[in-house]
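Work through the exercises below with the sequence and the 3D view open. Try each task before you read its solution.

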Amino acid sequence: ITPHLSPSAALSFAQERLWFLHKFGGREGGLGSTYNVAAAVRLRGALDGEAVRRAVAEIIRRHSILRSVFIEEHSGVVQRVERDGAALRCVDLSAVPSSERESATGEFIAREAAHVFKLEGQVLVRFSLVRLAQTTHCFVCVLHHLVTDGWSMGVLFREFAALYQAFAQARPSPLADL
């Protein structure tokens, strides 16, 4: 049994550039969280947690780059698509006093955005669902620029909205195959 679905593939020129900057940037190597792309959206109303989990899993299944890992080999850096991607992390801030909840949420998002990805050998995405109250949640995505760009983040959120709506109503995915 192999741990991945596809053979290794070369990086695009843009990915090679980012890898180079990471490897040779700064005193200790790497550029920290400089190339993290973070976004969050507030969700209001009754939330179906299982529909959120399924929507995230479907997005990861649809987009192999979200399951890709980067590996340095003797011939250079390659990317490999894994079977599984990142799991949805659930965080409950509802016990935080309401007067402090907004700042706690902002601090959580800032920590997530600043968390440095280890670029070699692990997927470069993190998804979190933060519970703020019974009917208030925050969906947080942090991806490394090796696997996304600003335009793609819009696609991710549009797909999340469409998938969540369908799964919450016990319907199949409305998205066409890629």
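**Exercise 1.** Decide whether S98 is buried or exposed, and state which helix holds S98.

*Solution.* Step 1: recall the classes, where buried means under 20% relative accessible area, exposed over 50%, and partly exposed in between (1.4 Å probe, protein chains only). Step 2: S98 has a relative accessible area of 60%, so S98 is exposed. Step 3: S98 belongs to helix α3; helices (H or I, at least four residues) and strands (E, at least two) are DSSP runs, numbered from the N terminus. Step 4: L132 is 34 residues from S98 in sequence, and their C-alpha atoms are 8.8 Å apart in space.

The model is predicted: local features need pLDDT of at least 70, side-chain atom pairs count only at pLDDT 80 or more, and totals for chains, interfaces and linings use all residues. Residues are numbered from 1 along each chain as its sequence is written, and side-chain values use heavy atoms, with hydrogens and water left out.

**Exercise 2.** Find how R89, E112 and R126 are linked.

*Solution.* Step 1: a salt bridge is a side-chain nitrogen of Lys or Arg within 4 Å of a carboxyl oxygen of Asp or Glu. Step 2: R89 and E112 form such a bridge, with 2.8 Å from N to O. R89 sits in strand β5 (residues 88–92) and E112 in helix α3 (residues 98–114), so this pair links distant parts of the chain, 23 residues apart. Step 3: R126 also bridges to E112, at 3.3 Å from N to O. Because R126 lies in strand β6 (residues 125–133) and E112 in helix α3, this pair ties together parts that are 14 residues apart in sequence. Step 4: R89, E112 and R126 are therefore linked in a network of salt bridges.

**Exercise 3.** Which residue forms a salt bridge with R80?

*Solution.* Step 1: the side chain of R80 meets that of E82, with 2.8 Å from N to O. Step 2: E82 has a relative accessible area of 13% and is buried. Step 3: a search of the whole structure gives 8 salt bridges.

**Exercise 4.** Describe the protein chain as a whole.

*Solution.* Step 1: the chain has 4 helices and 7 strands, in the order β-α-β-α-β-β-β-α-β-β-α along the sequence. Step 2: for 178 residues, a compact globule would have a radius of gyration near 16 Å, and the 17 Å of this chain agrees. The radius is taken over C-alpha atoms, and the globule rule is 2.2 Å times the number of residues to the power 0.38. Step 3: buried residues make up 40% of the 178 residues. Step 4: the C-alpha atoms fill a box of roughly 50 × 40 × 30 Å along the principal axes.
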